[in-house]
Amino acid sequence: MPLVLATVLVLVLVAVGLVVVRPGPVGRWLGEAPATPAATGAVEPAPVAVLAAADIGAPSPSTDGLRTALEPLIDDTALGGRVNVAVADALTGELLFDRGGGEGTVPASVTKLVTAVTVLTARGPGHRIPTRAVAGTQPGEVVLVGGGDPTLAADAKGFYPGAANLTDLADQVRDALGGVAPTRVVVDSSRYSGPVYEPGWDDDIPTGGFGGAITALMLDGARKNPKAGQGWAERVAEPDLVAGRAFAKLLGAPVDTVRRGTAPPASTGATESVGGGPGVELGVVLSPPLIRLVDIMISESDNIVAEALARQVALARDRPASFAGAAAAMAEVVSELALPVTGLDLADGSGLSRKNLISPVLLTELLALAASPDRPELAGIFGGLPVAGWSGTLRDRYEAAPGTAAGAGVVRAKTGTLTRVHAIAGVVTTTEGRLLTFAVLTDDVPPDGMEPARAALDRIAAALAGCGCR
């Protein structure tokens with residue numbers, strides 16, 4: 001029965017069509033209303049499956065078969081001098097192929113798989129991150145308290161669909177103040193501590209458009225322009241103050257008086273002042289549920305969202321919401337899940353830090369655990385995994401490079417890229433229908449070798465898709 005249940009879950013996760021459907025408890029985590037049939041209009045045809053379904057009776061590849069298929073590809077000089085690989089059966093968790101699989105390797109953005117599993121474990125898929133406004137110590141003073149929501153917007157036209165926005169929060173504050181004009185906005189971003197940039201980040205990360213200052217209060221992932229596209233975008237240097245000024249403008253308070261501070265503790269006892277005494281909550285807005293944020297983080301490799309989610313793990317484990325506190329909390333959750341921690345050394349949640357080390361075996365076991373019916377809350381990591389030749393960071397891969405066509409529409413994986421570092425980890429269905437988890441990490445590629453390395457990684461995953469390997 002456990003094997004049957006696991007197989008059913010894998011079939012649901014892997015047989016994904018053009019439209020992602022999340023029935024049952026996952027739909028409830030997302031806050032979705034039950035679907036109702038349209039009164040009029042033509043019925044659209046069923047979407048064509050993007051990924052082939054796994055087969056409960058499919059044979060598992062043998063270690064010798066995998067060795068024959070993979071080792072010549074692993075030895076490709078495009079992958080540099082250090083390539084570590086692991087392949088496992090997704091249903092049983094059995095390790096089928098291991099070449100340096102237990103060695104900690106710089107993972108780049110593949111780190112986000114660990115971030116996803118640990119935050120879903122620590123917080124749960126339905127958790128929402130609050131942004132609050134409370135009364136300050138002076139009449140009309142409003143304190144904007146950041147809870148760590150990276151998707152918060154100024155209005156309904158923010159970068160992230162469905163995000164909470166300051167316009168709604170300002171409306172609540174005006175109602176709570178009962179006509180008293182706001183006089184000043186104070187920004188409280190003390191929920192986070194420590195440096196806003198991880199010390200292990202490359203020097204160009206703060207200004208390179210893929211990272212930014214990590215503060216507990218920000219708008220649109222710290223983008224300067226909420227209409228910027230996915231991926232690269234100019235980021236503001238002080239996200240919390242930018243958010244505070246936007247809030248002051250919405251409240252009609254002086255923008256040039258916005259400053260950082262901390263919210264006063266809530267008053268004890270009754271008070272007759274309008275809106276309550278200092279520290280009384282004047283309004284609150286909530287982020288989308290974490291399962292949506294995990295989707296965003298994985299599908300578009302969003303580094304700012306990843307760091308925010310890592311800090312949620314720290315907060316859930318009563319650790320400082322800093323880079324160091326988040327890394328320690330994530331490692332703690334990995335250990336609690338009985339996943340292998342040998343070779344694990346974390347410095348951030350996004351993978352931008354070169355100090356991160358993760359073993360391929362940890363990644364394959366983590367993916368198998370997420371597919372297990374024993375941990376349904378972890379299944380959310382599969383919704384955002386890019387599909388080869390179809391979506392996310394794999395959208396433009398598995399097409400032109402020789403030897404990769406077999407993986408198109410069959411490989412579903414998270415990628416990672418830094419200078420000299422290239423990685424891929426995910427799930428793949430063999431030609432005979434067996435679902436495998438795999439991870440290939442290399443951190444010694446020539447600096448100018450990105451495209452050849454990516455093609456070499458894709459050939460390894462495609463080989464898994466195209467063989468029975470028995």
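Which residues of the largest nonpolar core touch the most other members?

Mentor: First a caveat: this is a predicted model, so local features need pLDDT of at least 70 and side-chain atom pairs count only at pLDDT 80 or more, while totals for chains, interfaces and linings use all residues. Residues are numbered from 1 along each chain as its sequence is written, and side-chain values use heavy atoms, with hydrogens and water left out.

Now your core. Leu113, Val114, Ile298, Leu309, Leu363, Ile381 and Phe382 touch the most other members of this 52-residue set. At least two residues each come from helices H4 (111-122), H7 (290-300), H8 (303-316), H9 (323-336) and H10 (360-370), and from strands S9 (421-429) and S10 (435-442). H4 gives the largest share, with seven residues. Terms, quickly: a nonpolar core joins buried Ala, Val, Leu, Ile, Met, Phe, Trp, Tyr and Cys through side-chain atoms within 4.5 Å; buried is under 20% relative accessible area, exposed is over 50%, and partly exposed is in between (1.4 Å probe, protein chains only). Helices (H or I, at least four residues) and strands (E, at least two) are DSSP runs counted from the N terminus.

Zoom in on Leu113. Leaving out residues up to four places away in sequence, Leu113 touches Ile298, Leu363, Leu366, Leu367, Leu385, Lys414 and Ala425 (a contact is heavy atoms within 4.5 Å).

Ile298 brings us to H7, where Leu290, Ile291, Leu293, Val294, Asp295, Met297 and Ile298 are buried. Past the end of H7 comes Ser301, with a positive phi near 50 degrees. Glu300, in contrast, is partly exposed at 25% relative accessibility. Glu300 pairs with Arg395 in a salt bridge whose closest N and O atoms are 3.8 Å apart. That joins distant parts of the chain, 95 residues apart: Glu300 sits in H7, and Arg395 in the loop between H10 and strand S8 (411-418). Arg395 is partly exposed too, at 38%. The cut-off for a salt bridge is a side-chain nitrogen of Lys or Arg within 4 Å of a carboxyl oxygen of Asp or Glu.

In total there are 25 salt bridges. One of them runs from Arg99 to Asp75 at 2.6 Å. Arg99 is in strand S2 (95-99) and Asp75 is in the loop between helix H3 (63-74) and strand S1 (83-89), so the pair ties together parts 24 residues apart in sequence. Arg99 has a relative accessible area of 28%, and Asp75 has 46%. A local one is Arg174 with Asp171, 2.6 Å from N to O. These two are three residues apart in helix H5 (166-177), about one helical turn. Both are partly exposed, Arg174 at 36% and Asp171 at 35%.

The open sheet has five strands in the order S6-S5-S4-S3-S7, with mixed pairing. Strands S6 (259-260) and S7 (281-286) are at the edges with a single partner strand each, so one side of each has no neighbour in the sheet. Strands S3 (130-135) and S4 (141-145) run antiparallel and are joined by four bridges; Val134 has Val143 in S4 as its bridge partner. Pairing takes at least two DSSP bridges between two strands. H5 packs on this sheet, touching S3, S4 and S7, with its direction at about 160 degrees to that of S7. Helix H6 (239-251) packs on it as well, touching S3, S4, S5 (184-188) and S6, at about 150 degrees to S5. Axes are lines fitted to C-alpha atoms (for helices, over the stretch in contact), and angles run from 0 to 180 degrees between N-to-C directions.

Zooming out, the protein chain has eleven helices and ten strands, and 54% of its 470 residues are buried. As for confidence, average pLDDT (the predictor's per-residue confidence, 0 to 100) is 88, and 86% of residues score at least 70. Watch residues 1-51, where pLDDT stays under 50, and residues 269-274, where pLDDT also stays under 50. Where pLDDT is low, predicted coordinates should not be read in detail.
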